[in-house]
Structures are given as structure tokens and as C-alpha cells.
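Let us walk through this structure together, one region at a time. Keep the sequence and the 3D view side by side as you read.

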Amino acid sequence: MTPAARLQTAIELLDDIISAARNQGAPADRIIAEWFRTHRFAGSKDRRAIRDLVYDAIRCCGPVPASGRAAALRLAEGDPAIRNLFDGSNYGPSPVGEREQPAAGGVAPDWIMGMLDQSDIHGEEAQALLDRAPLDIRVNSLKAQRDSADLPIAGTPLPSLQGLRLPQGTKVEQWPAYRDGLVEVQDLGSQLACEASAAQPGETVVDLCAGAGGKTLALAAMMQNSGTLLAADTDRGRLGRLAPRAERAGALVSDTLLLNPGKEMEALADVAGQADMVFVDAPCSGTGTWRRKPEARWRITPDQLQRYADLQNHVLEIGARLVKPGGRLIYVTCSVLDEEGASQIDRFLKHNPDWSAQPVVCPLGQPRGAGVRLTPHHDGTDGFFIACIGKR
């Protein structure tokens with residue numbers, strides 16, 4: 001493919017991604033993967049160039065662009081070589097019209113920028129939310145140790161106990177070590193959130209919003225497969241992916257519980273008031289993961305953010321009912337917004353006097369309310385809020 005044809009393809013993909021963002025359709029990575037699957041003529045260099053054009057254009061637009069072409073024109077403003085590809089050549093984009101306007105720049109739609117600003121995320125902190133994410137892995141201590149694991153690439157040790165940072169583009173999923181469960185792909189911030197839980201062998205632990213189980217596996221390793229570890233979620237599809245992952249990792253999960261929304265305690269009744277630790281990785285807006293899913297900032301609305309806040313409050317209340325006296329609840333969101341982090345814990349503590357904030361043991365991050373916040377700019381991680389609260 002010619003460079004102009006690659007750009008035109010990127011524009012068409014951007015049109016689909018913008019439409020999907022407005023209508024809560026498929027995410028960008030799935031749209032791109034489907035195009036590659038049905039257009040086999042595009043070689044590896046073509047695919048890489050097209051993907052880079054698409055994501056660079058997404059990152060340089062703040063509000064939702066009017067079209068893929070407007071997004072590409074915004075990208076071209078900072079790169080004359082791209083601007084020159086609007087030449088009308090075969091399979092390339094048509095020349096730029098005199099009245100054509102590029103999409104608006106910035107970090108996010110104005111209303112989200114206001115929320116970020118209220119949460120002291122601005123300037124370089126805000127811009128870093130759209131940087132390219134690094135590739136981090138966690139060496140599975142149930143099978144290997146970071147210092148002695150036989151891996152194709154040594155990687156750079158991270159501040160987490162078993163974390164390594166690899167060059168971007170490393171095909172970890174093709175490693176025998178990945179196939180055999182010696183390593184898991186997991187962002188440093190996610191690893192540190194699990195470590196902050198201080199899960200211990202022999203404890204009764206509930207991973208209340210387990211999803212596909214990435215953090216569940218980390219908790220199992222910390223517990224050394226000793227004790228009781230329950231993984232619960234309302235999403236049958238995601239929870240169903242945990243079992244094969246746990247088998248590969250050699251992780252013992254005592255049970256997986258599919259929860260009925262609004263009736264969660266029916267499935268959790270046996271563990272009510274029995275857990276040493278409940279890990280709540282609450283559903284959220286995902287503002288801390290924009291480096292990986294930059295178009296996600298075009299999908300969130302004020303109403304959705306409020307629904308997330310309500311759901312976070314709900315799962316906090318459920319988690320609290322499971323903790324025994326002297327136990328702890330770890331609250332985590334991959335969001336940098338106070339509304340989903342510090343403010344949630346402040347509200348909970350205000351209305352639950354038998355609970356109190358406990359120190360969060362984490363080598364990175366900055367204090368935020370009763371917890372700690374990690375950010376891409378300050379810590380080189382995805383954005384996370386982590387709090388530990390204890391029941392008297």
C-alpha cells in the first residue's frame with residue numbers, strides 16, 4: 001500500500017471508530033482487528049502504519065471529531081508529511097478544501113476536562129493520560145521468581161515484587177513462559193494495587209469484582225495457594241475466562257460466584273462477615289486507562305459517570321457486609337477522578353463510623369483523600385486510586 005492509501009484506510013477506520021464511540025459500539029482495537037482480518041492484502045508494515053495513524057489521530061483530538069477526515073487533518077497539522085498525503089492520488093485522500101477544518105485538539109471533551117481539573121489532573125498530568133502505555137508483566141511466584149525466571153527478554157525490574165517492563169511490541173503471548181503460566185501481562189499499577197491488599201496465606205479473601213481474573217491470579221500468588229479465595233462478578237462471560245487462566249497459572253481459586261445484580265448477597269450469604277479481606281476493583285469510567293483505550297474518553301457521558309458512582313457505592317456496601325471485625329476492604333478504581341476515588345471513600349467513612357482509613361502500603365503514588373493515587377505522569381503506571389479501610 002502507498003502511504004496515501006494507508007492514510008485513507010486510517011480515515012475510514014476512524015469514521016467507524018467515531019460512529020462506534022457515539023453509539024456505544026465496538027472498541028477501536030476490535031474494529032481495526034476486523035478490518036485486518038478481512039483485508040489480507042495489507043502486509044505487516046501496512047498494518048503497523050495504519051494502526052499508528054489511527055491511534056495518533058485519536059490521541060490528538062480532544063472532543064469527538066466530526067469525521068475521520070477531520071481527525072486526520074488534526075494529526076496533519078503537526079506533521080507536514082501527512083498533510084502532503086492529501087494529494088488526490090489513487091486510493092488516497094482527496095486534496096484539502098479551502099473551508100475544511102481539522103478536529104479540535106486537547107485531552108478530552110470540555111466537561112471531562114472540568115472533572116479532571118477538579119481532581120487536580122491538569123497540564124502534564126492530563127496530557128500524560130494519552131501517552132503510549134508501556135508493556136508490563138508479572139512473574140507468577142507460584143511457578144517462578146523474577147530474578148531467576150528463564151525469559152526470552154530479561155526486562156527492567158519494576159517497583160512491584162515480581163514486575164518487569166518489556167519493550168513495546170514484545171509478543172509475550174507467544175512465549176512458552178506465557179503458555180506455561182510463568183508470566184501474566186499486568187500493568188505496574190494493577191500489580192501494586194494487589195500488593196497493597198497484603199493478602200496473606202491462610203486468609204479468607206473475596207475478589208468481589210473479579211472480571212476475567214487478572215487480579216485474582218495475583219492475589220492467589222500472594223496467598224501461596226493457602227486459604228480461601230473466592231472470585232465473584234456479575235458478568236458471566238468474563239468470569240468464565242478465569243478458570244482456564246487459573247489452571248495455566250497453577251492458581252487455586254476456591255470458588256467462582258456469578259452474582260445476580262441487585263441480589264448479590266444471595267450468592268455471598270455464606271461468606272457474610274467472614275472475610276479477612278475483600279478486594280473491590282470497582283467498575284469505573286476508566287480515565288486511568290486512556291493510554292490503552294484513548295477513544296474511551298469519547299464514550300463516557302455525565303449520566304454514565306453518575307451511574308458508575310452509584311454502582312461503586314453499591315459494591316462498597318456489599319463488600320463491607322462481607323468483612324469480619326478486624327478485617328479490611330481494599331477499594332480500587334482505574335480512574336483518576338475524585339468522584340470515583342477519594343470522594344467515594346470519604347462518603348463511605350462518613351456514613352459508616354465503625355470503619356476507618358488505614359495506611360496504603362505502596363512504593364509509588366501520592367496521597368489523595370484517604371487513599372493513594374497513581375498516575376501515568378507521576379508514576380509511569382495506568383491511573384489508579386487505592387484505599388484500604390478497616391472494620392473495627
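This is a predicted model: local features need pLDDT of at least 70, side-chain atom pairs count only at pLDDT 80 or more; totals for chains, interfaces and linings use all residues.

An unreviewed UniProt entry carries the annotation "binding site" for Asp233 and Asp281; UniProt positions are given in the numbering used here, feature names are shortened, and annotations may be inferred rather than shown by experiment. These two residues span 49 residues in sequence, yet no two of their C-alpha atoms are more than 10.5 Å apart, so they gather at one spot. Residues are numbered from 1 along each chain as its sequence is written, and side-chain values use heavy atoms, with hydrogens and water left out.

Start with Asp233, which lies in strand E6 (residues 228–233). Helices (H or I, at least four residues) and strands (E, at least two) are DSSP runs, numbered from the N terminus. Asp233 is buried, with a relative accessible area of 10%; buried means under 20% relative accessible area, exposed over 50%, and partly exposed in between (1.4 Å probe, protein chains only). Leaving aside neighbours within four places in sequence, Asp233 is in contact with several residues, including Cys209, Ala210, Gly211 and Leu258, where contact means heavy atoms within 4.5 Å. The side chain of Asp233 also reaches the backbone nitrogen of Ala210 at 3.4 Å.

Now turn to Asp281, in strand E8 (residues 275–281). Asp281 is buried as well, with a relative accessible area of 18%. Which residues does Asp281 contact, leaving aside its neighbours within four places in sequence? They are Cys209, Lys215 and Val332. With Lys215 there is a side-chain to side-chain polar contact of 2.9 Å. A polar contact is a pair of N or O atoms within 3.5 Å; within protein, one must be able to donate a hydrogen and the other to accept it, and residues adjacent in sequence count only if both atoms are side-chain atoms.

Next, find the open sheet of 4 strands, ordered E2-E3-E1-E4 with antiparallel pairing. Its edge strands, E2 (156–157) and E4 (183–185), each pair on one side only. Two strands pair if DSSP finds at least two bridges between them; E1 (residues 135–139) and E4 run antiparallel and are joined by 3 bridges. Within this pair, Arg138 stands opposite Glu184 in E4. Helix H9 (residues 188–196) packs on the sheet, touching E1 and E3 (163–166), and its direction makes about 35 degrees with that of E1. Axes are lines fitted to C-alpha atoms, for helices over the stretch in contact, and angles run from 0 to 180 degrees between N-to-C directions.

Ser197 sits in the loop between H9 and strand E5 (204–207). Ser197 is buried, with a relative accessible area of 0%. Not counting residues up to four places away in sequence, Ser197 touches Leu219, Met222, Met277, Phe279, Arg328 and Ile330.

Finally, visit strand E12 (residues 371–374), which pairs in the antiparallel sense over 3 bridges with E11 (residues 366–368). E12 also pairs with E13 (residues 384–391), again antiparallel over 3 bridges. Val372 is the bridge partner of Pro367, and in E13 the partner of Val372 is Ile386. The hairpin of E11 and E12 has 2 residues between the strands, and Gly369 takes a positive phi near 60 degrees there. Gly371 and Arg373 point one way from E12, Val372 and Leu374 the other way, and all are buried.
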